[in-house]
Amino acid sequence: MGSDNGERVAEETRQVLESLAPEQRNLITILQKVQKHFGYLPREAMIEVARSQGIHETRVYSVASFYNQFRFVPPGKYPVKVCMGTACHIKGGDNILKVWETKLGIREGEVTEDRKFSLDRVACVGCCAMAPVALVGEEVHGGMMPTRVEGILLAIRMKEEAERAQQEKETAGPGPEIQEGAQGREHA
Amino acid sequence: MNRDEAIVAAFERLLEKAKRHLAEQGRDGSRPVVTVGTATCGRAAGALDTLAALREEIEACGVDAAVMEVGCNGHCYAEPLVTISKLGWPPILYGPVKPGLASVLVKRFLVEDDPCLEYVLGGLEPHDLIPALTDFPRSAYEMRVLLARCGRIDPTDIHSALAAGAYAGLVRALRTEPADIVEEIRRAQLKGLGGAGYDTWKKWKVCRESADPERFVICNADEGDPGAFMDRSLLESDPHAVLEGMAICARAVGAPKGYLYIRAEYPLAVERARLAVAQARELGLLGPDILGSGFAFEPRVFQAAGAFVCGEETALIASIEGRRGMPRIRPPFPAEKGLNGKPTVINNVKTLASVPYIFREGWRSFAAIGHRATKGTTVFALAGKVMNTGLVEVPMGTSLRRLIFEVGGGVPKGKAFKAVQIGGPSGGCLPEEKLDVPIGFKALKEAGAMMGSGGMVILDEDNCMVETARFFLDFTQKESCGKCTFCRIGTRQMLEILEDIVQGRGTEEQIALLESLAEDIRLGSLCNLGRTAPNPILTTLRYFRGEYEAHIRERRCPAKVCRALTAYYILPEKCERTCDACVGSCPTEAIWVNAKRFKVIDQSFCIQCGACLEACPVQYSAVVKISPLADLPDRGARPEGYEKKKEK
């Protein structure tokens, strides 16, 4: 950690900025692209954006902190978002959130220790007819029930397990180091 | 050949090409076509799995059939929806179609010619054997202007839209003088469908007559109201209708550039709108020289970053300019000084999508729809406790009762209707006795609600009105941009009072305080977010005051919703010793079995999710909700060492 990592983030940010088309040179669009790259807005990246645009760093932070889309901590590998729109609310969306909280052992806005899951509430994803709704990554789960949470978690764990087994099979021999773990530490 | 003839000829060529294209793909009726609705709502119900299953089964059976993705046709309650068009049969709509049923349909209908009547939702054309959707009672009240093509065309293929009539209105507008376009809109009496109901032509006229030649057209698709999804559905199902409307508007006001401002939470809408712009540019329906007319229009899709207040036009502009989305004082209105200080027309998705209809069918035809001063149709997103959740489009002036009970099918599970919430956080809750109000900007405002962007959430006897008001205040308080003191601090204070009430700490004086705060916030806020934020409280106080009083005086939640005032309890006299249904259903293992084998809820573990109530077999119905807490016989704490004993 420290300046090395900061330098790397700044360098990657510069690459993102260079890849933008001229009509995409809008602060919000820029921040969206940067967040797409890192999964969140690291401090060094925002400083780099400010430098490249010739504006003060506080201006970048003031814009980034205004909009709900931007986050300042890395999301989990499986970001869970529970819809809290009107239709989801009256059909028990807060119960669904509570169950996710109990099952993951974290509160909304937090990330699990192993960085696998993050839990957030989202205003409305526009699937009101399927309420209550939860998102895991990009996948939308309609008609959520408190009892379905466990099933979704189980499916993810099984997928993880299968992936790990696959990886172990592939990397069997050269070394026991699992690449994913190494990356995770670097971020932390 | 003069200019007008050249435009028409160029468009004819495109239509020919579209027909050829569809024929090449076998989508012209020469072979069976299977369509799956894959808008976000369909995907939430598993439409992508259904699509994969259909493709696999068609491949496996060796059937010659085209599979096509379409948008949402509004029947969201029956998602995933599949339509099969086969020679000799009308197009038949099936739903809900899970992957298992998908392969059954392929085998039995496509291979064996049995239309599987037991799974049919309805036919899309009249037929002797298949009941047509148009024969459903709801069709008698529905009228599809905006949603006409939704769910029938492939939103990712412009040829499909062209063959169904897209851009025909633009062709007429290109041959009309800009001033006459504004006149046509004035005669049609089109009003802004984003909620305010402002005359569309006035905005256009001001912008058109401005001295500054650099102008913009912005389509506002920042559909932030929780509970509304019409704009998303329209953009995902028929993006060309919106682009066509934008292009007509751009010609009327003389704007060479435009923005389609779409909410961050709608990734699929953004993707499909971008694709639609690219395809329309390629065919010369947008771009530097539209259909050889010399008129140029370049729309760009702008993905917003998630802020409710950006639905307000001046905040939206600030956000495109790369600043915090905070509203400013109007006037000057954006039509005079908007994006980058230039004249800008901002219209809602539905307003712009109505424009092509006016130009295709003429203003008379549009002005003939509707009720008194409010013309045209309106799209509502029905959600909550209603049978037919989804999109409905009805002429203005239809009564709420007809919309909810005849089109929407009423409240499910035999529960009693309590209220309808219209207009999202800016709107209000109307009770049963206000249901005969005709839908229109003025009538709804008088009743205390507002048209809003069209979200309509139905509440039944199991919903607490105080808690609903708290929910909306929580939303507006979080989304307040913080510029105006009354909105920033006032909504916070109102929220705190409502939290006190739902927690059972409320006092009688707080009701009066809520009313005076509401008035202050309304007067002291700059934009409509603040001005309308008290509406949910004011309407619930006006129509459901008794519920507030029960919370305060008796510490009782009449709907048995508020967590602090309610508990779940298992009646020992009804609990069946041999049944364990509730124990397994509880996600927090709050239910334990006592020595007599009766099930007991340990209140300290219970999160009140209601899973046990659902799980308890109906012949026992032993799980009940109790409010106030004073009526709860005991807290059901499990004896020490219970867990250990269970493990043995």
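The model is predicted; local features need pLDDT of at least 70, side-chain atom pairs count only at pLDDT 80 or more, and totals for chains, interfaces and linings use all residues. Residues are numbered from 1 along each chain as its sequence is written, while chains are lettered from A and ligands numbered from 1 in the order in which they are written.

Start where chain A meets chain B. Chain A gives 40 residues to the contact, and chain B gives 47 residues. Two residues count as in contact if their C-beta atoms, placed from the backbone, lie within 7 Å. On the chain A side, the elements that give two or more residues are helix H2 (27-38), helix H4 (57-66), helix H5 (86-90), helix H6 (93-104), strand E4 (139-141) and helix H7 (148-171). Helices (H or I, at least four residues) and strands (E, at least two) are DSSP runs, numbered from the N terminus. By class, this side of chain A has 22 nonpolar, 15 polar and 3 charged residues. Here Ala, Val, Leu, Ile, Met, Phe, Trp, Tyr, Cys and Pro count as nonpolar; Asp, Glu, Lys and Arg count as charged; the others, Gly among them, count as polar.

Now turn to chain B. It is divided into domain 1 (31-135), domain 2 (158-367), domain 3 (371-460), domain 4 (465-554) and domain 5 (566-647). These bounds come from an automatic or database domain assignment. The C-alpha centres of domain 1 and domain 2 of chain B lie 34 Å apart. Their contact takes 4 residues from domain 1 of chain B and 6 residues from domain 2 of chain B. The domain 1 side has 2 nonpolar, 2 polar and no charged residues.

Next comes the backbone. Most residues other than glycine have a negative phi, and most peptide bonds are trans. Chain B has exceptions. A cis peptide bond joins Glu79(B) and Pro80(B), with omega about -5°. Pro80(B) sits in the loop between strand E2 (66-70) and strand E3 (82-85) of chain B. Gly95(B) to Pro96(B) is also a cis peptide bond, with omega near -10°. Pro96(B) belongs to the loop between strand E4 (92-94) and helix H4 (99-111) of chain B.

Positive phi angles occur too. Leu291(B) is not a glycine, yet its phi is positive, about 50°. The loop between helix H12 (267-282) and strand E8 (298-303) of chain B holds Leu291(B). Leu291(B) counts as buried because it has 24 C-beta neighbours inside 10 Å. A residue is buried if 20 or more other C-beta atoms, placed from the backbone, lie within 10 Å of its own, exposed if 12 or fewer, and partly exposed in between. Gln608(B), again not a glycine, has a positive phi of about 60°. Gln608(B) lies in the loop between strand E19 (599-601) and helix H25 (611-615) of chain B. With 23 other C-beta atoms within 10 Å, Gln608(B) is buried.

Two further residues of chain B remain. Ile458(B) lies in strand E16 (455-460). Ile458(B) is buried, with 25 other C-beta atoms within 10 Å. Not counting residues up to four places away in sequence, Ile458(B) touches Gly384(B), Lys385(B), Val386(B), Ile404(B), Val411(B) and Val420(B). Thr578(B) is in the loop between strand E17 (567-570) and helix H24 (581-585) of chain B. Thr578(B) has 5 C-beta neighbours inside 10 Å, so this residue counts as exposed. The C-alpha atoms of Thr578(B) and Arg597(B), 19 residues apart along the chain, are separated by 7.6 Å.
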